[in-house]
Amino acid sequence: MCQLLGMNCNVPTDICFSFAGFQARGGVTDHHRDGWGIAFFEGRGVRVFLDPQPSANSPVAELVRNYPIRSLNVIAHIRKATQGQVRLDNTHPFQRELWGRYWIFAHNGNLLDYAPALTGRFLPVGGTDSEAAFCHILQCLAQQFPDGPPSAAVLHAALRGLTIEIGQHGEFNYLLSDGEHLFAHCSSRLAFIVREAPFTVAHLADQDMTVDFSRHTTPNDRVAVIATVPLTDNETWQQMTPGSLVAFRHGAPETLGDTRTVASQPFRATGNM
């Protein structure tokens with residue numbers, strides 16, 4: 001399956017350590033060689049780096065790994081293609097504007113017989129089921145809330161309903177952010193860790209690299225990291241329940257209502273995107 005990585009913080013934080021382990025999964029410790037991408041929110045703006053080459057030997061990935069961009073919300077993806085050719089326009093994460101703010105989306109899974117009716121405001125540029133799902137989500141949100149963004153709880157409920165609908169077509173693990181929240185949906189596999197005081201030493205599972213977070217943080221810092229597979233081998237990660245949509249804000253899960261997204265009919269997980 002493809003790999004997802006997200007970070008949500010209460011203070012701007014760089015993702016260099018986590019990205020070092022994540023990068024290795026794109027061709028060294030795993031076989032995801034069909035492109036990679038990462039997006040950083042900075043205020044109202046977003047920096048997006050995309051490359052259809054494997055992350056393990058991508059010069060762009062090396063730039064990102066050694067460039068300490070500090071952000072409150074980050075989404076990254078390494079791809080193993082099932083729908084859509086290996087090219088730049090099919091590389092996650094995808095970016096669109098809604099309500100005067102940027103939205104970023106990355107998906108892991110395979111949606112079967114999925115062809116949403118899109119009216120024209122949000123249209124896919126590439127040929128993936130993932131980008132079509134993203135456009136469908138934003139189109140429905142724009143139609144439901146034409147006057148602007150609803151409250152966080154109402155937005156979460158709307159996303160939950162759309163996730164249930166789209167999830168009927170297959171495996172739908174995803175990360176979605178508008179710069180305020182980071183929404184993580186676990187269809188089959190996703191884990192997270194919240195790092196806060198007292199900070200300890202972490203060791204990457206995919207590279208022989210260690211960092212002592214107590215030397216790089218303040219007692220008030222809090223960082224949530226979300227990944228398809230835990231990135232470290234000496235910390236306790238929490239496995240998300242399959243069929244759940246969790247909102248993260250200020251470096252921790254935020255309770256916004258019912259998180260269950262279990263579809264009424266079982267799906268067939270036959271591939272990964």
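Two strands pair if DSSP finds at least two bridges between them. Helices (H or I, at least four residues) and strands (E, at least two) are DSSP runs, numbered from the N terminus. This is a predicted model: local features need pLDDT of at least 70, side-chain atom pairs count only at pLDDT 80 or more, and totals for chains, interfaces and linings use all residues. Residues are numbered from 1 along each chain as its sequence is written, and side-chain values use heavy atoms, without hydrogens or water.

**View A. An open sheet of 6 strands, with antiparallel pairing.** The order is β5-β6-β7-β8-β14-β15. β5 (94-98) and β15 (252-254) are at the edges with a single partner strand each, so one side of each lacks a neighbour in the sheet.

**View B. Antiparallel β7 (residues 173-177) and β8 (residues 182-186).** They are joined by 4 bridges. Ser177 stands opposite Leu182 in β8. Helix α3 (residues 129-144) packs on the sheet and touches β5, β6 (101-108) and β7 (contact: heavy atoms within 4.5 Å). The direction of α3 makes about 10° with that of β5.

**View C. Helix α4 (residues 152-167) across the sheet strands β6, β7, β8 and β14 (244-249).** α4 runs at about 145° to β14.

**View D. Strand β1 (residues 3-13) and its antiparallel neighbours β4 and β12.** 7 bridges join β1 to β4 (residues 71-78). Met7 faces Val74 there. Another 5 bridges join β1 to β12 (residues 222-227). Gly6 has Ile226 as its bridge partner in β12.

Definitions and conventions: Axes fitted to C-alpha atoms, helices over the stretch in contact; angles between N-to-C directions.
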